[in-house]
Amino acid sequence: MSERTLLEVSGVSVSFDGFKAINNLSFQIGKAELRAIIGPNGAGKTTFMDIVTGKTKPDEGRVLWGDKSVSLLSMRESDIAQAGVGRKFQRPTVFEDQSVEDNLAMALKNDRKPWEVLFYKRTARDTDRIRALAEEIGLTDQLGRTSGELSHGQKQWLEIGMLLAQDPQLLLVDEPAAGMGPEERDHTTEILKEAAKTRAVVVVEHDMDFVRKLNCKVTVLHEGSVLAEGSLDHVTSNQEVIDVYLGR
């Protein structure tokens, strides 16, 4: 594993009731890189994220993390999250009765011991961090608003901001453009591209226009393994990719 590699998945396989969801999968991503993962339903995209986050343990293979090549397979989900892996599911999950500001405050990477949480008082540094996050996700003018009142796209941005508040080294994002209008998709693109300047960001997506705007390396999964990898133009001109995915 090279010094520039953050995550290395090697020879990973996992079966569910005889169905091989992941089949000898190998995947690498660098420390500050944006990557899109595409592929048909059942290609293994969600299972891949489940394995990286510790939700699913593979039958074989290895998943190495960070400069010291630590095995994520020996770690619990909570420990993997603390190690710097953040995951955003397709449907946004925010505290809808709380303000945008309070959502970001609760997500800040502070001591989570019961005593510290009980007597937590927001510092000037916390406030500066909240404002910086709000600016990064484009919700500065919504800080005082109740999160439940936000549009679908704004809730997606807020959840991304809450994950960024944890300062993850790797951000896994599942179909962030789903249900968004053109302007919201464009803004989401900019948020993810900016985030990838300082961390690894993996985006699972079906919207090819959105993937094109990300302007990043693309990995195509099919039947649990990598079918093709490269620029979007490169993979979409691959006949196998056309046959199993784009032709549909």
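Guide: A residue is called buried when its relative accessible area is under 20%, exposed when over 50%, and partly exposed in between (1.4 Å probe, protein chains only). The model is predicted, so that local features need pLDDT of at least 70 and side-chain atom pairs count only at pLDDT 80 or more, while totals for chains, interfaces and linings use all residues. Residues are numbered from 1 along each chain as its sequence is written, and side-chain values use heavy atoms, with hydrogens and water left out.

Visitor: Buried or exposed, which is His222, and what does His222 touch?

Guide: His222 has a relative accessible area of 17% and is buried. His222 belongs to strand β9, residues 217–222 (strands are DSSP runs of E with at least two residues, helices runs of H or I with at least four, both numbered from the N terminus). Leaving aside residues up to four places away in sequence, the residues that His222 touches are Pro40, Ala43, Leu227 and Val244, where contact means heavy atoms within 4.5 Å.

Visitor: Where is Trp157 found, and which residues does Trp157 touch?

Guide: Trp157 is found in helix α6 and, at 8% relative accessibility, counts as buried. With residues up to four places away in sequence again not counted, Trp157 touches Ile137, Leu139, Met180, Glu184, His187, Thr188 and Ile191. The C-alpha atoms of Trp157 and Glu8, which are 149 residues apart along the chain, are separated by 28 Å.

Visitor: At what angle do helix α3 and helix α6 pack?

Guide: Two packed helices are described by the angle between their axes and by the distance between those axes. Helix α3 (residues 100–107) packs with helix α6 (residues 152–164) at an angle of about 30°, and their axes are 8 Å apart; axes are lines fitted to C-alpha atoms, for helices over the stretch in contact, and angles run from 0 to 180 degrees between N-to-C directions. That angle makes α3 roughly parallel to α6, the term for angles under 35 degrees. On the side of α3, the contact is made by Val100, Asn103, Leu104 and Ala107, and on the side of α6 by Leu158, Gly161 and Met162.

Visitor: In what order do the four strands of the open sheet stand?

Guide: The order is β2-β1-β4-β5, and the pairing is antiparallel, two strands being paired if DSSP finds at least two bridges between them. The edges are taken by β2 (19–30) and β5 (70–71), each of which has a single partner strand, so one side of each is left without a neighbour in the sheet. Between β1 and β2 there are eight bridges in the antiparallel sense, and Val14 has Ile22 of β2 as its bridge partner. Strand β4 (residues 60–65) is joined to β5 by two bridges, again antiparallel, with Ser71 of β5 as the bridge partner of Leu64.

Visitor: Which strands does α1 lie across?

Guide: Helix α1 lies across β1 (5–16), β2 and β4, and runs at about 115° to β1. Seven of the eight residues of α1 (residues 45–52) are buried, so the helix is mostly covered; the buried residues are Lys45, Thr47, Phe48, Met49, Asp50, Ile51 and Val52. Just after α1 comes Gly54, which takes a positive phi of about 90°.

Visitor: What is the phi of Asp17, and what is the phi of Ser69?

Guide: Most residues other than glycine have a negative phi. The phi of Asp17 is near 55°, a positive value in a residue other than glycine; Asp17 lies in the loop between β1 and β2, a hairpin with two residues between the strands, and counts as exposed at 85% relative accessibility. Ser69, also a residue other than glycine, has a positive phi near 50°, is placed in the loop between β4 and β5, and counts as partly exposed at 29% relative accessibility.

Visitor: What order has the open sheet of six strands?

Guide: Its order is β6-β7-β8-β3-β9-β10, with mixed pairing. Here β6 (85–88) and β10 (225–230) stand at the edges, each with a single partner strand, so one side of each is left without a neighbour in the sheet. From one strand to the next the twist averages 20°. Strands β7 (residues 170–174) and β8 (residues 200–204) run parallel and are joined by five bridges, with Ala200 of β8 as the bridge partner of Leu170. Helix α7 (residues 182–195) packs on this sheet and touches β3 (34–38), β7 and β8, its direction making about 145° with that of β8.

Notes
Angles under 35 degrees count as roughly parallel, over 145 as roughly antiparallel, 65 to 115 as roughly perpendicular and the rest as oblique.
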